[in-house]
There are 2 protein chains.
Amino acid sequence: MKKLQKNQIGREVPEHIQQMGDVKPYIRSGKRKEKYITESDKVYTGKVVGSLKEAIVKAGLQDGMTISFHHHLRAGDMVLPKVMEAIDELGIKDLTICASSLTSSHECLIDYIKRGVVTSLQTSGMRGELGKQVSRGLLDTAVVFRTHGGRARAIQKGDVTIDVAFIAASCCDDMGNMNGQQGPSAFGSMGYAMVDARYAKKVVAVTDNLVDFPAYPVSIPQTLVDIVAEIDQIGDPELMGQGATRKTKSPLELTIAEYASKVLIASGLIKNGFSYQAGTGGVSLAVVRFLRDYMKENHIIGSFGSGGITSTMVELLNEGLFTGLLDVQTFDKGAVESIRNNGNHIEMDAGTYADPLTKGCVTNNLDIMILSATEVDVNFNVNVLTASNGNVMGALGGHPDTAAGAKLAIVVCPLTRKRIPIVVDEVMTICTPGPSVDVVVTERGIAVNPNNPLLKAELVKAGLPVVDIKELRDMAYSITGKPNPPKFGENIIGVVEYRDGTVIDMIKNVID
Amino acid sequence: MKKLQKNQIGREVPEHIQQMGDVKPYIRSGKRKEKYITESDKVYTGKVVGSLKEAIVKAGLQDGMTISFHHHLRAGDMVLPKVMEAIDELGIKDLTICASSLTSSHECLIDYIKRGVVTSLQTSGMRGELGKQVSRGLLDTAVVFRTHGGRARAIQKGDVTIDVAFIAASCCDDMGNMNGQQGPSAFGSMGYAMVDARYAKKVVAVTDNLVDFPAYPVSIPQTLVDIVAEIDQIGDPELMGQGATRKTKSPLELTIAEYASKVLIASGLIKNGFSYQAGTGGVSLAVVRFLRDYMKENHIIGSFGSGGITSTMVELLNEGLFTGLLDVQTFDKGAVESIRNNGNHIEMDAGTYADPLTKGCVTNNLDIMILSATEVDVNFNVNVLTASNGNVMGALGGHPDTAAGAKLAIVVCPLTRKRIPIVVDEVMTICTPGPSVDVVVTERGIAVNPNNPLLKAELVKAGLPVVDIKELRDMAYSITGKPNPPKFGENIIGVVEYRDGTVIDMIKNVID
């Protein structure tokens, strides 16, 4: 017979059973007056606070901690600046910022870094004055540049522990159920922030649109949210989508786009059920329009479009040319309207998008990816992070993730930009490794990675101007001359992490 | 100056940086022919298999492991029987089944237990012949009975480790994105299974409706799914919703319902923004209809209805009487249609519903809960698991979770059923502890928990027939006589776990 023990409601229960091991007897710890009976039955209320300062104090933010932000509000983001202002007023120092990316709305960080409020950055990229000053040694620590997939991986794996995540919500209720699809500052998918919410120790929703419970759709559920901070405005809608859907009329860009679409067609991949991702540049969007015409003429219906979603991709969805869109970041108002209204315009988190530790992320199953480049070299390595003057002025984004995953990864770029060669001997910073890139399309010719001879044969057969990538480099240099590299010092201002957590390159400080 | 190392793409990177510690250099491990560059870039395909046997082998199921099932298909479930048949044919033994609940469609387990295929059960409840035989010592181990919230907690905390989760999907794509809302076997919310998917080592989607990628809405994403098994049919739609929305015409039940609704009104809790949960019995649904009339007359709009959702609650949603419904289990066709079409009919997982380890589960914020009872005793303890003959024939469900969380937890029950007293001296099995229960409503009177004197005063003021619970017991016994308890042996056939993981009661074997 089993040994028994009496619990606090007066019943005998076993001391030990096979399925549980030692049995914990039921305990009445609460008081009836407080309604809950045990600690488990406690009511979790009072999440809403009226100021960011209160939220920060309540979250227990301390010197030396790591905080996170997401950049779905892009150039219109007001959350990072307002949170940092409140943190500064509270006198908290020595913070690491783990951001999904940093934009032109984040130049306030320069001052916070100078004053020791922020001492370390992890981000997909940065631009403008912040990039320039970081490149000149603003920080004492190296910035960790991560891809969108790599960031999700790092957070999931515990390479970075987020103490407090600040999450902008254009719609949120008092328990913290939230989305980015409703409200005056609607920005669409919360893809990057969804990962932060799952793993951060404390989660603060920052909203300018507190709605009646329950908020819906639920992009991030109440079970992950500690605090809801209500503020006046989270973002400037005018700046949020700026330039994302520029419709190019440049003959040069249209030429590149036309070549790229011919590469797509010649590859044989454009058939029923194919998948596709494009960036937001003028060339990328022009390729989508060429693709659309081809799909319509040939009655082809694709499977999915993914990544950052623009109105241009939404047009194809609405015309029935794709079964669905998988959206980690919504780029403009039209796309926000679509994710709100179209069931097959699907929000996905950054893990589903590109985290290689999951049981199958979307980027690894892509057919076609159209990529941009700041530089590409004769080994097909791509730089999207540093400018010819050595300054950090871009972002890894999903570039290395999608290039690695796509069956056909096409870099579209002009041969030169503002008298600077784009096809070069050796890129300044390797962001995406050459073996991930299949084709480089310029206005003067198309180079195919020698690892892909079958594709090269197809393109030649289709009558496309296929050239050796070294020829493209030579043409570029013949226009611009071979530029003098900027002068670098010996301090490492950044490391470029590949999506798997290894380091693929480093960035040294620029000396003027 | 920092020590450097060269990585496999030929770049120098630091050996160590502050933010990463030791730096892992980039490694090209893949072959170009296979497209992926490093292990991280590997393509995750071929999830679909044509039979359950193949899925089970691929999942690596071994003797002694734990497998899980969910019961959203209720009496129509074909997944558990078909999976168990395949397991048996493969000769795998000694399994623990961790099910969200067991229904009349699971009597096949009796034979599998007799033959050692299944040696241990964890469930919310069981019925019929299975319950009877378990009560007579069918298993050598004690069944662990868990609440819906307690099961989510146990899985999240690691009290139980699921080796392979089998998840019925009425709509699924080849990567494992799935939902229960679309397709011929649509059953609605996947609430219980969503927790299994997040924590199980291997996840097998079992579907009779493989759709083009991407399936939507995405209740469980591809990132959590290992294998997709396609079978002919996952459930019998005729049996899935059986009796859930029975509209009572019984004068006795209508009397109880009317008293219960008067208690609600007298409590003062029925006001704008209140929240409500009701079970599926005839009385519960009749209370909802009384409530609806009252809300309309008084222009009251509630916040949310939660839990298992019926068409009756959907009617109130569609009339604008609630802001939203939070749905962990969808009880009938009308409710399935609603979750598919109404944005404010929101799918929630069992963690959001009732897991006390989250940052705020829904049950802990409930205003009103209408509860059923197999027995209730003079200390307000409730039994919903064992019949007067000692047999297990019910389920904990969300009973203890909601009773503990709700501001007002009302038990509705007749004084007697088939000459068996319902209000008794001491319940056979304590499922929900008395301090969680505020009121017991019968057709012969209303008893208020003495811990809640203010409520008692309100009910008396409202002219309701308030009596001492001992009077109710006496009335019951005067009708039925005090029954002889069944004869129990000394073997423990089950333990009743409270939602926090402590054990509140045990169940001994019945001797005929």
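With which side chain does the side chain of Thr502(B) make a polar contact? In this predicted model, the partner is the side chain of Asp500(B), and the distance given for the pair is 2.7 Å.

To place this residue, follow chain B to the loop between β28 (487-497) and β29 (503-511), where Thr502(B) is found. Thr502(B) has a relative accessible area of 8%, and because this value is under the 20% cut-off, the residue counts as buried. Once its neighbours within four places in sequence are left aside, Thr502(B) is in contact with Val496(B) and Glu497(B) of its own chain, and also with Lys24(A), Pro25(A), Tyr26(A) and Ile27(A) of chain A. Thr502(B) and Gly150(B) are 352 residues apart in sequence, yet their C-alpha atoms are 9.8 Å apart in space.

Along the principal axes, the C-alpha atoms of chain A fill a box of roughly 90 × 55 × 50 Å.

Within chain A, 64% of the 512 residues count as buried, and among the contacts with a separation of 6 or more, 68% are between residues 24 or more positions apart. The accessible surface of chain A comes to about 18000 Å², of which carbon and sulfur atoms hold 48%. As for charge, chain A carries 53 positive and 58 negative side chains, and the centres of these two sets lie 3 Å apart.

Terms used
Residues numbered from 1 in each chain as written. Chains lettered and ligands numbered in written order. Predicted model: local features only at pLDDT ≥ 70, side-chain atom pairs only at ≥ 80, totals over all residues. Heavy atoms only, no water. Helix = DSSP H or I, 4+ residues; strand = E, 2+ residues; numbered from the N terminus. Buried < 20%, exposed > 50% of the residue type's maximum accessible area, 1.4 Å probe, protein only. Contact = heavy atoms within 4.5 Å. Polar contact = N/O pair within 3.5 Å; in protein donor to acceptor, adjacent residues only side chain to side chain. Areas by Shrake-Rupley, 256 points an atom, 1.4 Å probe, with all protein chains shown as cover. Lys, Arg positive; Asp, Glu negative; His and termini not counted. Charge placed at Lys NZ, Arg CZ, Asp CG, Glu CD.
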